[in-house]
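Me: I have a model open and want to go through it with you. Can you take my questions one at a time?

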Amino acid sequence: MSLAPEVLRLDRVGKRYPMGDVIVDALVDASFTLREGEAVAILGPSGSGKSTLMHLLGFLDSPSSGEILFEGRPVAVLTESQRARIRAEKIGFVFQAFNLLPRLSVRANVALPLAYHGSPPADAEDRVDRALELVGMSNRAHHKPGELSGGQRQRVAIARALVNEPRILLADEPTGNLDTKTAAAILDLFKELNRLGRTIVIVTHSPEIAGHFRRQLHVRDGLVTEGGVA
Amino acid sequence: MRRLLSGVGNGFAEIWGHKLRSLLTISCVMLGVASMVLTTGFMEGFFKNWEDSLQDQGGIEKIFASAQGVKERQEPFAAVSPGLTLADARALSELVTQAGVISPEIDATLPRLARAGKTFEGRRGARVMGVTNAILEINRYEIGSGRAFSDLDMHDDSEVIIIGSKVREALFASGEEPLGAFIDFNNRPFRVIGVLHNYERFWGTYNTLDWKNEIAFVPVTTMATKVQRSDRLSFLNLKAANISHLRETVDAATNVLAQQHRGIIDFNVRTNEEQLASFASTKASFVIGGGAIAGVSLLVSGIGIMNLMLASINERVREIGIRKAVGATPFNIFSQFVAEAVTLSLLGGAAGVAVAVALIKVLAATLPPGSTPLLSPSAFVVGFVFSVSAGVLAGIYPAIQAAKLDPIEALRYE
Ligand SMILES: Nc1ncnc2c1ncn2[C@@H]1O[C@H](COP(=O)(O)OP(=O)(O)OP(=O)(O)O)[C@@H](O)[C@H]1O
Ligand SMILES: [Mg+2]
């Protein structure tokens with residue numbers, strides 16, 4: 001079986017936060033490869049370095065050591081604009097803290113990544129509608145994030161990550177605030193997207209949810225290991 | 001284009017989202033523009049007034065010849081110095097072809113104008129001059145009613161008089177017809193043949209043109225033979241026929257006069273040029289001064305804008321982080337903030353122009369004429385362009401700061 005093309009590769013990637021005298025090693029020598037069409041769950045206790053890893057995968061942060069390659073190219077050599085362009089067109093990111101813009105409506109929040117596309121798609125409006133529909137938030141399109149529950153905000157954040165039809169979806173605890181039924185619906189959505197060829201990486205505390213993904217990565221004290229369901 | 005429009009649209013949304021802050025920014029620009037337009041308006045009004053009054057004194061084509069003490073080395077001849085006389089005026093009109101108009105003038109010493117028990121006092125006393133019709137052209141007098149002097153009046157040394165509007169007011173009742181009436185000039189009856197226009201230009205409540213109204217003219221010949229009993233001229237004014245030959249005309253007049261006076265330089269030939277030069281230099285220094293004031297007000301409004309933009313960025317670090325995280329390039333962020341600064345500056349500029357127009361209208365209605373600012377279109381254009389550029393320039397530094405923010409740092413910002 002020939003391997004699918006590489007999307008992201010980490011080569012002994014470390015992230016170190018100097019905090020005065022104390023040095024926090026949030027990630028130590030992480031090395032793994034993500035291929036097109038993979039579905040990966042990242043597991044690990046709180047403070048183990050999962051979010052740090054996700055930020056590095058989405059080039060929101062740069063590693064303190066080691067190298068990250070996107071489609072075979074070292075991310076370090078890309079300019080900030082080039083990274084931004086890739087984020088806008090190829091990566092969808094769901095933040096653990098949602099990170100919606102409070103002054104914009106739900107609809108405008110979801111449409112945001114399209115505004116930063118190199119050439120804004122002609123069907124931008126439709127895409128926003130479809131993304132809202134996928135997460136079941138069409139009826140709240142004109143509300144402000146402040147008027148929504150935590151779970152609803154999370155769904156808006158997911159819609160925003162899906163709107164640019166990214167090749168790779170990075171979701172930091174996307175089901176953390178959802179009831180089992182909604183969580184299951186979102187999970188089905190992710191599985192469907194993965195079936196259509198998208199690469200999906202999610203962070204979760206739940207081994208049960210992780211069980212739906214073909215590959216699991218465990219993070220503990222900044223160390224990343226491959227593994228089956230714990 | 002679409003991108004730019006959406007940038008301005010976002011700008012508006014942001015402005016609406018922070019009403020107070022936006023209002024302050026807009027006020028900064030507004031004050032800058034308004035003060036600039038007003039300052040220029042006042043300056044232009046002032047210079048327009050001055051220029052008009054220069055014109056009223058005969059404009060720059062005018063040449064003044066006047067008697068003066070002889071130079072030191074000619075002291076021995078002082079006694080035979082004739083001063084300027086009617087003969088000089090005749091010589092000039094024969095020999096200086098470049099002189100379009102020649103106006104010999106004799107000021108009466110201690111003139112007294114009276115009629116039917118009323119005496120003309122005026123603000124600075126009566127002034128009666130012996131003149132020819134040339135003064136009408138050189139000093140821009142117009143006959144309101146009646147006529148100018150005729151050749152016969154000049155030739156016969158007739159006792160006729162043309163009076164200014166204030167003289168008429170003082171000596172005649174409002175319904176009374178002055179033309180044909182006689183008034184006493186130094187106890188000699190003169191027949192009124194003309195009344196001058198009434199001239200007004202107010203500086204406050206003061207009519208700066210009253211000197212043109214508190215005056216009376218008699219033929220210069222009459223003045224010389226019957227009143228002063230001397231043909232010494234008080235003034236001898238010329239007007240160059242062609243402004244571009246001003247210098248040649250001055251030289252020719254100087255030569256003719258020197259000839260007439262057998263080389264005794266007891267006269268002086270001047271032009272309005274010095275006045276004009278001082279007008280120009282004063283104007284230049286005012287423009288520089290006004291420019292400095294405007295510059296300072298723009299600087300202040302620029303600092304205001306920059307401050308508010310920086311505050312706005314500080315408040316929106318998270319937003320910048322989020323936008324970057326979903327794919328905004330540094331340039332996207334930069335343009336967003338510049339678009340906001342531009343939108344605010346444009347609104348402020350428009351408000352400033354509106355305020356300036358309103359203020360100028362109000363001032364024009366309340367201030368005495370003569371000191372009112374002018375609505376000058378160039379001031380608007382300059383004020384607008386400058387303030388908007390100040391707004392944009394002041395917006396650029398904060399926009400660069402915003403563009404440079406690291407996405408993850410910005411997201412973590414509380
Ligand atoms: N900006 C920072 N400065 C200093 N230390 C940091 C910073 N960001 C993260 N850390 C540290 O790095 C470690 C990993 O943090 P991270 O947010 O990746 O954990 P996590 O696995 O996502 O935890 P959770 O499950 O609670 O979200 C923690 O010890 C945290 O304190
Ligand atoms: Mg986390």
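Me: What kind of model is it, and what are the ground rules?

Reply: This is a predicted model: local features need pLDDT of at least 70, side-chain atom pairs count only at pLDDT 80 or more, and totals for chains, interfaces and linings use all residues. Residues are numbered from 1 along each chain as its sequence is written, chains are lettered from A and ligands numbered from 1 in the order in which they are written, and side-chain values use heavy atoms, with hydrogens and water left out.

Me: OK, interface. How many residues of chain A are in contact with chain B?

Reply: 23 residues of chain A, against 24 residues of chain B. Contact means heavy atoms within 4.5 Å.

Me: And the buried area between them?

Reply: About 2,100 Å², with carbon and sulfur atoms giving 55%. Buried area is the accessible area (1.4 Å probe) that two parts lose on being put together, summed over both.

Me: How many salt bridges cross the interface of chain A and chain B?

Reply: The rule finds 2. A salt bridge here is a side-chain nitrogen of Lys or Arg within 4 Å of a carboxyl oxygen of Asp or Glu. B:Lys324 and A:Glu80 form a salt bridge at 3.1 Å, N to O.

Me: Which helices of chain A supply at least two residues each to the side that touches chain B?

Reply: Helix 2 (80-90) and helix 3 (106-115). Helix 2 gives the largest share, 5 residues. Helices are DSSP runs of H or I, at least four residues, and strands are runs of E, at least two, numbered from the N terminus.

Me: Switching to the ligand. Where does ligand 1 lie?

Reply: Between chains A and B. There are 15 residues around ligand 1, and A:Ser46, A:Gly47, A:Lys50, A:Ser51 and A:Thr52 come nearest. The cut-off for being near is a heavy atom within 4 Å.

Me: Which polar side-chain atom lies 2.7 Å from a ligand oxygen?

Reply: One of A:Ser51. A backbone N or O atom of A:Gly49 lies 3.0 Å from an oxygen atom of ligand 1.

Me: Back to salt bridges. How many over all chains?

Reply: 26. One of them joins A:Arg167 and A:Glu36 at 2.1 Å, N to O.

Technical notes:
A polar contact is a pair of N or O atoms within 3.5 Å; within protein, one must be able to donate a hydrogen and the other to accept it, and residues adjacent in sequence count only if both atoms are side-chain atoms.
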